[in-house]
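Please keep the sequence and the coordinates at hand while reading.

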Amino acid sequence: MPDADASATNSTNCAPGPSARDASQARAEPAPGSGAQAADMHAPDAHASAAAPATPAHDPRAGTTRRGCAPGEESDALALLRLLAAGGASAPRRALLEACGSAAAALAAGARAWADAALSPQQIDRLRAPAGEAFWREAGWCGDAGPRALDWLAQPGHRLIAWTDPDYPALLRRAPSPPLALFVAGEAARLWHPAVAVVGSRSPTPAGSANAVDFARALARSGLAVTSGLAAGIDAAAHRAALDAGGLTVAVLGTGPDIAYPRRHADLLARIAAEGVVVSEYPPGTEARPGQFPARNRIVAGLSLGTLVVEAAERSGALITARLAAECGREVFAVPGSIHNPLARGCHRLIREGAGLVESAAEVAAALAPVAAELAAGLRRRLAAPIDSGHAAVIQAGQDGPAPVSGDSDPPDFADPDYQSLWNALGFDPTGMDELVHRTALTTAELSSMLLVMELEGRVSAQHGRYFRNR
């Protein structure tokens, strides 16, 4: 189960430890537009009942450094896993992380600092416990959760992003009850990309599936990412359409990041991990449990500028996502349908309650363009991006392809030589990352962040992992 929020103090006294990366960098967030209020619904996916998270401890197998993981990094990752497994309210643990700077320092700070951060007696007892199989199982995780998570994190493209990490998504940080940490497969910086959640029924009509494909394809081509929950029906259709259009899609799981639910979506999950981003607040190996899916929906809503409901019954998990989006202050949109279609009733209910009635992706893009531009500005501040030749539109309403950069046709003059080198290395034909590394002598990590900023500026477009100039 996800962590519950509670108020916490920031007056924690911490033992000396690694200093925090400046979390204020990640707080450059947009002020999203208002959304429509939707009524609460029941959980969408059903499986076995969930156990509440509980105690961590030291597993002897976790003492060996994993390949690709420095000892200090692994120590901090294991400490963060223990904080996650402590369960209970997450706000006190966020305060503890902010005060101490790192999970390892927070764990080393001791019971006095934990109490100062308003951790409950139960959480303190769990943090004191040794981390063996019993500890992880008491947290509701698999018995080898610690070593298994470290093995997963040692694989390329896998990360555990803590609340204090500058890469923690700015939009999600503004949402109610944000997760203490995220397991991410793919380029974590892309979680800052302007996104629309596309959600709906797990058993849509043919027309509903077609609408999901049309909207997701057009949104992806307009420069917006498509976020959804990898569920059957509308979710899967939206993910596939975004990928097929050469766009970005983000899958938020109600399981561990290595487990597809439903199982038949294993190939789709692998494709999204390779071409997009997979996100979960649950450690690797976590199976599907009913309480985890409504919790997953808050992350879907929190990562997105707005939520589009394509087709949904009156009692639908998609309406949970819509309600959570409205509570985040995000826009909510709904596609109308026939009065004789029971799967249109949830959408009609949302429209009656104030959601935007939309008939095309262009209407969604037009409504979100201002807040998407604010998110782009926040990312530039986060990366200290030295692009100084004007701010292009991130998306352009009514356009089926990438938005052109505003201004004349003169080539831009970048203040930073690395950006200028990257621009010179790009052409109007799609170029792969390996070739850009060769042409610029920059690292893949550096290029990924720079390309994302240039995409948000509208200067660069991406298609199937290859990049080209947008003017």
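R174 counts as partly exposed because its relative accessibility is 41%, where buried means under 20% relative accessible area, exposed over 50%, and partly exposed in between, with a 1.4 Å probe and protein chains only. This residue lies in the loop between helix 8 (170-173) and strand 2 (181-186); helices (H or I, at least four residues) and strands (E, at least two) are DSSP runs, numbered from the N terminus. Between R174 and G329 there are 155 residues of sequence separation, while their C-alpha atoms are 9.4 Å apart in space.

The model is predicted, and local features need pLDDT of at least 70, side-chain atom pairs count only at pLDDT 80 or more, and totals for chains, interfaces and linings use all residues. Residues are numbered from 1 along each chain as its sequence is written, and side-chain values use heavy atoms, with hydrogens and water left out.

Helix 10 (residues 234-244) is mostly covered, with nine of its eleven residues buried, namely I234, D235, A236, A237, A238, H239, A241, A242 and L243. The cover over these buried residues includes strand 3 (195-199), helix 9 (206-221), strand 4 (225-228), strand 5 (249-252) and helix 11 (266-275). Just after helix 10, G246 adopts a positive phi of about 80°.

The axes of helix 9 and helix 10 come within 8 Å and cross at roughly 35°, the axes being lines fitted to C-alpha atoms, for helices over the stretch in contact, with angles that run from 0 to 180 degrees between N-to-C directions. On the helix 9 side, G208, S209, A212, V213, A216, R217 and A220 make the contact, and on the helix 10 side I234, A237, A238, A241 and A242 do so, where contact means heavy atoms within 4.5 Å. By class, the residues of this contact divide into nine nonpolar, two polar and one charged.

Three strands form an open sheet in the order 10-12-11, with antiparallel pairing; two strands pair if DSSP finds at least two bridges between them. Strand 10 (431-432) and strand 11 (460-463) stand at the edges with a single partner strand each, so one side of each is left without a neighbour in the sheet. The two pairings are set out here.

Strand 11 and strand 12 form a hairpin with two residues between them, and H464 in the turn has a positive phi of about 55°. In strand 10 is T431, which is buried with a relative accessible area of 6%. Leaving aside neighbours within four places in sequence, T431 is in contact with L436, R439, R466 and Y467.

**Nonpolar cores**

The largest nonpolar core has 86 residues, and those with the most contacts inside it are L81, L83 and W136; such a core is a set of buried Ala, Val, Leu, Ile, Met, Phe, Trp, Tyr and Cys residues joined through side-chain atoms within 4.5 Å. Helix 1 (residues 71-85) supplies the largest share of this core, eight residues. Not counting residues up to four places away in sequence, L83 touches R93, L96, L97, A103, A106, L107, L127 and L180. A second, separate core of 29 residues includes A242, L308, V310 and V371.

Methods
Ala, Val, Leu, Ile, Met, Phe, Trp, Tyr, Cys and Pro count as nonpolar, Asp, Glu, Lys and Arg as charged, and the others, Gly among them, as polar.
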